[in-house]
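Let's walk through a protein model together, one neighbourhood at a time. Keep the picture beside you and look for each residue as we come to it.

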Amino acid sequence: RVSDLPLLDAIAAESIANMRQFGPQELSNPAWAFANLLYVNAPLLHALASKAITTLRSGSTQNLTNTVWAFAQIKFKNSTLFNSLAKEVVANLSAFRPRDIS
């Protein structure tokens with residue numbers, strides 16, 4: 001599904017370079033977009049995962065579920081990330097709407 005690999009590689013490199021400025025939505029958006037394209041860039045995924053572990057707790061339920069979906073969609077294995085995301089889901093379960101869970 002990747003259509004313009006050089007463009008996606010450039011976006012991934014720029015995202016990594018600016019990752020320290022990313023908040024919860026800036027993390028979930030590229031994770032979701034790249035997963036939707038089935039584009040796997042290991043350095044980007046590791047950077048997003050590391051930042052997400054400390055950042056997503058301040059985000060919305062949509063940011064959280066989009067991030068979970070994105071990493072699951074591309075079968076990215078990172079137990080620290082998924083344990084952190086699972087704790088956030090459980091801690092905020094009452095804030096989730098049905099569409100967030102489905």
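Ser84 sits in helix α5, where helices are DSSP runs (H or I) of at least four residues, and are numbered from the N terminus. This is a predicted model, in which local features need pLDDT of at least 70 and side-chain atom pairs count only at pLDDT 80 or more, while totals for chains, interfaces and linings use all residues. Residues are numbered from 1 along each chain as its sequence is written, and side-chain values use heavy atoms, with hydrogens and water left out.

Is Ser84 buried or exposed? Its relative accessibility is 12%, so Ser84 counts as buried. The words have cut-offs: buried means under 20% relative accessible area, exposed means over 50%, and partly exposed lies in between (1.4 Å probe, protein chains only). Leaving aside residues up to four places away in sequence, Ser84 touches Ile53 and Arg57; contact here means heavy atoms within 4.5 Å.

Another serine to find is Ser15, in helix α1. With 10% relative accessibility, Ser15 counts as buried. Its contacts, not counting residues up to four places away in sequence, are Phe22 and Leu44.

Ser15 also takes part in a meeting of two helices: Ala12, Ser15 and Ile16 in α1 meet Pro43, Leu44 and Ala47 in α3. The residues of this contact divide into 5 nonpolar, 1 polar and no charged. In this sorting, Ala, Val, Leu, Ile, Met, Phe, Trp, Tyr, Cys and Pro are nonpolar, Asp, Glu, Lys and Arg are charged, and the others, Gly among them, are polar. How do α1 and α3 pack, and at what angle? The angle is about 30°, and the axes are 9 Å apart. Axes are lines fitted to C-alpha atoms, for helices over the stretch in contact, with angles running from 0 to 180 degrees between N-to-C directions.

Now look for the largest nonpolar core, which has 24 residues. Such a core is a set of buried Ala, Val, Leu, Ile, Met, Phe, Trp, Tyr and Cys residues joined through side-chain atoms within 4.5 Å. Helices α1 (5-17), α2 (24-36), α3 (42-55), α4 and α5 each supply at least two residues of this core, and α3 gives the most, with 6 residues. Among the residues with the most contacts inside the core is Leu48. Not counting residues up to four places away in sequence, Leu48 touches Met19, Leu27, Pro30, Ala31 and Phe71.

Next come the rings. How many aromatic pairs are there? The count comes to 3. Rings of Phe, Tyr and Trp (its six-membered ring) pair if their centres lie within 6.5 Å; planes under 30 degrees apart are stacked, over 60 edge-to-face, and the rest tilted. Trp32 and Trp69 form a tilted pair, 6.2 Å centre to centre with 35° between the planes. This pair links distant parts of the chain, since Trp32 is in helix α2 and Trp69 is in helix α4, 37 residues apart. Trp32 is partly exposed at 38%, and Trp69 is partly exposed at 33%. In another pair, Phe34 and Tyr39 have ring centres 5.0 Å apart and planes at 50°, so the pair is tilted. Phe34 is buried at 6% relative accessibility, and Tyr39 is buried at 3%.

Finish at Lys75, in the loop between α4 (61-73) and α5 (79-91). Lys75 counts as exposed because its relative accessibility is 63%.
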